[in-house]
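Let's take a walk through this structure together, from the chain as a whole down to a few single residues. Please keep the model open beside the text as you read.

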Amino acid sequence: MKNISNISKLLILIFSLISISSLYADDMDDVEAVINMYIDFETYDGIDDQAELMASDRTYIVNGVRYSNNDRSMELQNASNRVSKRAFPGAVRITTVEDIKIRINGDAAIASFYRVINNINNADSVKAGASVMNSIYQTVSMALFKRDGDWKIVHTHISPTINN
């Protein structure tokens, strides 16, 4: 009888560990999905969709400037995109992500990755002497919190990547 009790306890422990690792794997996948959507929405028209991935109290650091009002920083990004679209009609922005690293601790996740923003110019700009494409290489770190079951970006820090 004692052996059956020990076997039962061992099975409960094993199933508990499997359940915990399964939840952890789901969170890893969910956080990576948020990052991939963040990257996919990094277009001239996708900034509003990108904003839906962020907590309203997100802190944003870029080019050495810290923005703690997410609504205002999104307004600035939208204004910049509107000017770019008017200045370069027909231009396209395609952003890629590389080497995503994620660490999760409960309802908090820290991620880092490389982001490359590729701006492809329109034909008139190229005829006038602009390059076909310019690329911006960045290193990004991000903090996400799980709120009401959804992962939200609460902090983004973007630094230029030094090319060798």
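Of the chain's 164 residues, 32% count as buried, where buried means under 20% relative accessible area, exposed means over 50%, and partly exposed lies in between, with a 1.4 Å probe and protein chains only. This is a predicted model, in which local features need pLDDT of at least 70 and side-chain atom pairs count only at pLDDT 80 or more, while totals for chains, interfaces and linings use all residues. Residues are numbered from 1 along each chain as its sequence is written, and side-chain values use heavy atoms, with hydrogens and water left out.

The accessible surface of the chain is about 10400 Å², and 56% of that belongs to carbon and sulfur atoms; these areas come from the Shrake-Rupley method with a 1.4 Å probe, and for residues only the protein chains shown count as cover. Among contacts between residues at least 6 apart in sequence, 55% join residues at least 24 apart, a contact being heavy atoms within 4.5 Å.

Now for the layout. The chain has four helices and six strands, taken as DSSP runs numbered from the N terminus (helices are H or I with at least four residues, strands are E with at least two). Along the sequence they follow the pattern α-α-β-β-α-β-β-α-β-β.

Let's look at how some of the strands meet. Strand β3, residues 92-105, pairs with β4 in the antiparallel sense over 12 bridges; two strands pair if DSSP finds at least two bridges between them. N105 has A108 in β4 as its bridge partner. Two residues sit between the strands of this β3 and β4 hairpin, where G106 takes a positive phi near 65°. On to the next pairing: β4 and β5 are also antiparallel, over 13 bridges, and S112 has S141 in β5 as its bridge partner.

D27 itself is found in helix α1, residues 2-40, and it is buried, with a relative accessible area of 11%.

T59 lies in strand β1 and is buried at 12% relative accessible area. Beyond its neighbours within four places in sequence, T59 is in contact with R66, Y67, V154, H155 and T156. T59 and T156 are 97 residues apart along the chain, yet their C-alpha atoms are separated by 6.4 Å. Y114, in strand β4, counts as partly exposed at 39% relative accessibility.

On a 1 Å grid over the protein atoms alone, a pocket is an open set of points where a 1.4 Å probe fits, with protein on both sides within 12 Å along at least five of seven lines, and lining residues have an atom within 4 Å of a point. Of the 21 lining residues, Y60, V62, N63, Q77 and Q138 are the closest to the centre. The elements giving two or more residues to the lining are β1 (54-62), α3 (70-87), β4 (108-120), β5 (133-147) and β6 (150-160), and α3 provides the largest share, five residues.
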